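Subject: Structure handover

Hello,

Here is the structure I promised to pass on. Please open it alongside this note. My findings follow below.

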Number of protein chains: 2
Amino acid sequence: MSLHAFDAAIALTAQGDGLWQGHTSPAYANMIGPFGGVTAAQALNAVMQHPRRLGDPVAFTVNFAAALSDGPFLAQARPVRTNRSTQHWSVEIRQGDHAVVTATAVTAVRRETWSAGELPVPQVPRPNDLPAPDGTGRVEWINRYDMRFIDGAFPPAWDGAGASDSRTRLWLRDNPARPLDFTSLTALADVFFPRIWRRRATPVPIGTVSMTVYFHAGAAQLQASGTGYLLGQAQAQAFRNGYFDQAAQLWNEAGELLATSHQVVYYKE
Amino acid sequence: MSLHAFDAAIALTAQGDGLWQGHTSPAYANMIGPFGGVTAAQALNAVMQHPRRLGDPVAFTVNFAAALSDGPFLAQARPVRTNRSTQHWSVEIRQGDHAVVTATAVTAVRRETWSAGELPVPQVPRPNDLPAPDGTGRVEWINRYDMRFIDGAFPPAWDGAGASDSRTRLWLRDNPARPLDFTSLTALADVFFPRIWRRRATPVPIGTVSMTVYFHAGAAQLQASGTGYLLGQAQAQAFRNGYFDQAAQLWNEAGELLATSHQVVYYKE
């Protein structure tokens, strides 16, 4: 069995003392540099692989300081503080002399407590009742995901006839399917096309500057989600003077909210 | 004119090279240690005061690694990468040999672009038509804010009769009033009482582990908001195995969305 493209993409080679070498992946190439979701997953993987890690990720924030150049990078993961059941991490990805990514993570040993959902899962068609992607993504990374749009699809034409709201709902998973884990869930939280394209139907240049993922599930719950689809929902709250936000939710097929995510995105005009 | 308690609380003394000394403030004391919103504002202030800062904050994430002890602390702000119009910051607050806070910030020079709101401002009563706080906050920092609840009020009794949803809406501002800026807006994003208390009407021990604020306004727009009230809205999306999230929005009296914020909060049982 060959390695899944995602596992190949996030593979890190230990250099000792929390320093890891990785490499951008042509399989996840974006217009300029790699798909940010995989860069985020690489940064989180430097924490996941660290021998001193305590517990599972609860919160992860990644800041994109510059487009990565295609090629190798170094990722430094540092456990800044370790408490009894929580741990705080600082991560930096560098290429040459320059930081290209900064990140922070909180990991924690979770135990069973009173729990409750509050956001109802949207009632939508099942993935198999929706058209499969045709494998002709505008950029290479798109072909690594099976995305089945429910509503809020990619603009059919750059005709300036934008939608009145930016919401998108779709089923999504790795393509080919791959068992869900924290790294792939992090990347999946970043697959939504830019909300401003939906509002404006204009190919405005954009770039995510910061993304946060909150994990509402532990490793076992992610494992139980297996290779099933996730229901993803994303919407902006404001577009103002060069930056817009995106709030996103990801449920598994059983209707459990696995992660909520937010990002702020630069746009040119 | 004497210094506003908030300005006294976030004051930092330069130690050179991005290192600042600050002090926790008894005026903003919480049950254990200080109100986290002021700690967040102190961390952001280390960026705001830095002589090399470029532009205004766009994104700010603060991770609370431990309760601060009452007393002095050192805040180190480091410009990790400076681009043409954006800058990435890493901040760490230490007490003795221990990190107590980590943070990252993105600042940017913003210019006028196509802009649009997407989240409608809730139609609610005006602040002056709502009861003023009676100045008997459970903890000292509560008395530093003028909070006028519209709905989703603090549980009237710890009787376990929780509400069916966790949403709270209120008007809020510094008390006494103080012109809005990025530091006070950051603290205001953290004033919402824990969502789990509303759902359970049980005094579950809690602690915020990570908070992110996205600023949808520049310095001039904040200045134009003056000493007016902000309309704040906060709601959880999920409570699961020791952690819940909170999504929050803050509008000014003119109905402009100034900031959106998210946090993830530990709860004991």
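Start with a pair of residues in chain A: Leu230(A) sits across from Asn252(A), which belongs to S13(A). That pairing is part of a wider one. Strands S11(A) and S13 (residues 243-252) of chain A are antiparallel and share 6 bridges. Before you go further, note that this is a predicted model.

**Strand S11 in chain A**

S11(A) covers residues 230-235. It also pairs with S9 (residues 168-174) of chain A, again antiparallel, through 5 bridges. There, Gly232(A) of S11(A) has Leu170(A) opposite.

How many of the residues of S11(A) are buried? The count is 6 of 6, and the strand is mostly covered. In a regular strand, side chains alternate between the two faces of the sheet. Both faces of S11(A) are covered. One side carries Leu230(A), Gly232(A) and Ala234(A). The other carries Leu231(A), Gln233(A) and Gln235(A). All of these are buried.

**Helix H2 in chain A**

H2(A) runs over residues 36-48, a total of 13.

Of its 13 residues, 12 are buried, so the rest of the structure largely encloses H2(A). The buried set includes Gly36(A), Gly37(A), Val38(A) and Thr39(A) at one end. Also among them are Gln42(A), Leu44(A), Asn45(A) and Val47(A). Several alanines are on the list as well: Ala40(A), Ala41(A), Ala43(A) and Ala46(A).

**How the two chains meet**

Now the interface. On chain A, 54 residues are in contact with 54 residues of chain B. The chain A side has 21 nonpolar, 23 polar and 10 charged residues.

Strand pairing also crosses between the chains. S12 (residues 238-240) of chain A and S7 (residues 116-117) of chain B are antiparallel, with 2 bridges. Ala238(A) has Gly117(B) as its bridge partner in S7(B).

How are the copies related?

Best wishes

Notes
Residues numbered from 1 in each chain as written. Chains lettered and ligands numbered in written order. Predicted model: local features only at pLDDT ≥ 70, side-chain atom pairs only at ≥ 80, totals over all residues. Contact = placed C-beta atoms within 7 Å. Nonpolar A, V, L, I, M, F, W, Y, C, P; charged D, E, K, R; others polar. Pairing = 2+ DSSP bridges. Helix = DSSP H or I, 4+ residues; strand = E, 2+ residues; numbered from the N terminus. Expected span 1.5 Å × (residues − 1). Buried ≥ 20, exposed ≤ 12 C-beta atoms within 10 Å, placed from the backbone.
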